[in-house]
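Colleague: Could you take me through this structure slowly, and tell me for each term what it rests on?

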There are 2 protein chains.
Amino acid sequence: MRIAIDAMGGDNAPKVIVQGAERAAKAFPEVTFELFGKESEIKKYLDQLPSNIEISHAEEIISGGDDPVRSIRSKKESSMVLAAKSVKTGRNDALFSAGNTGALLAAGTLIIGRIKNIQRPALMGMIPDMTGDGKPTVFLDLGANSDSKAEHINQHGVLGSYFAKAVNQIDTPRVALLNNGTEANKGSEVTAAAYKLLSENSYINFTGNIEAREIFNQAADVIVADGFTANAVLKAIEGTAKTIFNITKDSIKSGGMKSKFGALLFKDILSDLKDRLDYSKIGGAILVGVNALVLKTHGETNEEAVFYTLKQAKDVLESQVIEELKQVMQDENN
Amino acid sequence: MRIAIDAMGGDNAPKVIVQGAERAAKAFPEVTFELFGKESEIKKYLDQLPSNIEISHAEEIISGGDDPVRSIRSKKESSMVLAAKSVKTGRNDALFSAGNTGALLAAGTLIIGRIKNIQRPALMGMIPDMTGDGKPTVFLDLGANSDSKAEHINQHGVLGSYFAKAVNQIDTPRVALLNNGTEANKGSEVTAAAYKLLSENSYINFTGNIEAREIFNQAADVIVADGFTANAVLKAIEGTAKTIFNITKDSIKSGGMKSKFGALLFKDILSDLKDRLDYSKIGGAILVGVNALVLKTHGETNEEAVFYTLKQAKDVLESQVIEELKQVMQDENN
């Protein structure tokens, strides 16, 4: 098992990428990690080269501000493009990057290529179960498409369902559609049409509409939504959680002794909560619908998130879900 | 100044509606409140009839499950329809209901009527300032439309801007477009087209795109979005806040003495936070773009939310913003 890593992508690259990869190399000796990027810079953060880490020099870097499609086409010697090509040729099994999201989507689609019959790949994330020790909820499309059509959403339901089954070990995943009401006749033109297709889709267990306020309630194992809305919902969740934490912190600071003492005692609860809200331990987002595993994390990622995303990469590769999806899409013209 | 109240709308009607109206009647003796609904039931919750409360009997009730447009047309003796008609004829200046949202939108549009040249009314809410004592942020369309077009969003920018100016006393409100990135070229087909129209709109101070994670950061005075996305974002905010509160409560319960003691001391901070997150004190949502003031609150409303929404009704009526909007739309074919 081999994972290609774009060592130069993200705000804290190559440092946190290399450190996360080194931790993963120690934890998973059966996996080989190939780091793409400036060799001299990568080596700065590696005391000694573990036997399951390889370095492949890449002269160029795709930065956050670069135009996605143009940079993939013009920066042929960039760490991201070379890493993607190594997956395309079969030398590596998966691609990980914390770099320019649009460029990574373009690299996945244009270099690694779509699975046959998949119209549009999607970005898929996992919503942690915050109410107990249940399984995470698969949520897609987090923004690979900004104008999803009903047929895309329907296919994403199939992709999400296979992932929930293979990776989260749920026998018959409940697939729900994010909508502005729970009744069957609710929604925009796109969601109403998607509802119909999902209802008729015999490859999934479609359970109907779900509203955004239910996302954390384990009401579904897979939530599908158009890429624009899911992206906005995810950012609203982030913004709300951050605001609540900041206000709490400020209140503690300005509250004087009484609340400072309370805060000290309350620390366990808050850190437990932060832990549950912490997406990083649950892995990154996966570009589903392409011919190999492609994963990303936030640009402001840290060593821990890199490690857990590489762990996730290993788990997904072991599940063979992408091979299974290729088979399903080929057989059934799904 | 006279406000028509649908006393029968909402889960806890008529009790909390009547109690909220009674409190408002005491606080604002210059306003007359006309309660529409079953007279005998309304009177149960009024010890004595204040001089500025009137009761108009209505035999029918539009319930939460009724089809919006059909119920407005068929239940002519319902409290909501009679209250809306009293605004249409000019007997009352504003309509308040906690009932079926779709029916209230239909009543606003079909009975009270759109302002000339307004293509689609919108639901507008106020996001409280959680970081300090700043002004709330106007947010629309919260879901009056599930397939907003770019021209609708552009008009909603004008509606929101006039409200922010007149009601929140902001001289030159910053109007931002909710989008999936901050760069000008980001977005769906609809938001890209809306961006162009908003940029060229000389009636507002358009400041560009804003992402959902910035909603609480006072980065804009007015945020416009298509009705489907804003609705999902609002529900995601609600769900996230509720989840964080519930986890915190559970942790306290199961955390034993130490955290129980901490929680006790921490109580002030949490209640302060809840207070800031409490939409009810900031009023309900307003249906903007119709010929008179129409306000709603959640179906699960309480006496306090009813009171604050009626206070908001008074403030908006005093601001004369709807008269101003009618003028602007007439003059300019905006």
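Predicted model: local features only at pLDDT ≥ 70, side-chain atom pairs only at ≥ 80, totals over all residues.

Colleague: What makes you say whether helix α4 of chain B is mostly covered?

Modeller: A residue counts as buried when its relative accessible area is under 20%, and in α4(B), which spans residues 79-88, eight of the ten residues are buried. They are B:Ser79, B:Met80, B:Val81, B:Leu82, B:Ala83, B:Ala84, B:Ser86 and B:Val87. The elements of chain B that cover them include the strands β1 (2-6), β2 (32-37), β3 (53-57) and β4 (94-97), together with the helices α3 (68-74) and α5 (101-112).

Colleague: Why is B:Phe163 called buried?

Modeller: B:Phe163 has a relative accessible area of 1%, and the cut-off is under 20%, so B:Phe163 is buried. This residue is found in helix α6 of chain B, residues 150-166, and, leaving aside neighbours within four places in sequence, its contacts are B:Met124, B:Asn168, B:Ile286, B:Val288, B:Val316, B:Val321, B:Ile322 and B:Leu325. B:Phe163 and B:Val138 are 25 residues apart in sequence, and their C-alpha atoms are 7.9 Å apart in space.

Colleague: What makes the sheet of chain B an open one of mixed pairing, and which are its edge strands?

Modeller: The open sheet has eleven strands in the order β3-β2-β1-β4-β11-β10-β5-β6-β9-β7-β8, with mixed pairing. Its edge strands are β3 and β8 (205-210) of chain B, each of which pairs on one side only. Neighbouring strands of the sheet are turned by 25° against each other on average, when direction is ignored. Helix α5(B) lies across β4, β5 (122-127), β10 (285-288) and β11 (293-296) of chain B, and runs at about 175° to β11(B).

Colleague: How do you know that β6 and β9 of chain B pair?

Modeller: Pairing requires at least two bridges, and three bridges join β6 (residues 137-140) to β9 (residues 222-224) in chain B, the two strands running parallel. One of the residues involved is B:Leu140, whose bridge partner in β9(B) is B:Val224.

Colleague: What can be said of strand β6 in chain A?

Modeller: Strand β6(A), residues 137-140, is covered on both faces, with A:Thr137 and A:Phe139 buried on one side and A:Val138 and A:Leu140 buried on the other. Four bridges join β5(A), residues 122-127, to β6(A), and these strands run antiparallel; within that pairing, A:Gly125 has A:Phe139 as its bridge partner. Three bridges join β6(A) to β9(A), residues 222-224, with the strands parallel, and there A:Leu140 is partnered by A:Val224.

Colleague: Which residues touch the most other members of the largest nonpolar core?

Modeller: The core has 88 residues, and A:Phe139 and B:Phe139 touch the most other members. Not counting residues up to four places away in sequence, B:Phe139 touches B:Leu123, B:Met124, B:Gly125, B:Ile127, B:Ile215, B:Ile223, B:Ala225, B:Ala230, B:Val233 and B:Leu234. As a general background, nonpolar side chains in soluble globular proteins tend to be buried together.

Colleague: Why is the pair of B:Tyr195 and B:Phe206 called edge-to-face?

Modeller: Ring centres must lie within 6.5 Å to pair, and planes over 60 degrees apart count as edge-to-face; B:Tyr195 and B:Phe206 are 5.2 Å centre to centre with 80° between the planes, and the pair is therefore edge-to-face. B:Tyr195 lies in helix α7 (residues 189-200) and B:Phe206 in strand β8 of chain B, so the pair ties together parts that are eleven residues apart in sequence. Both B:Tyr195 and B:Phe206 are buried. B:Phe307 and B:Tyr308 also form an edge-to-face pair, at 5.1 Å and 80°, and both of these are buried as well.

Terms used
Residues numbered from 1 in each chain as written. Chains lettered and ligands numbered in written order. Heavy atoms only, no water. Buried < 20%, exposed > 50% of the residue type's maximum accessible area, 1.4 Å probe, protein only. Contact = heavy atoms within 4.5 Å. Core = buried A, V, L, I, M, F, W, Y, C linked by side-chain atoms within 4.5 Å. Axes fitted to C-alpha atoms, helices over the stretch in contact; angles between N-to-C directions. Phe/Tyr/Trp six-rings, centres within 6.5 Å; stacked < 30°, edge-to-face > 60°.
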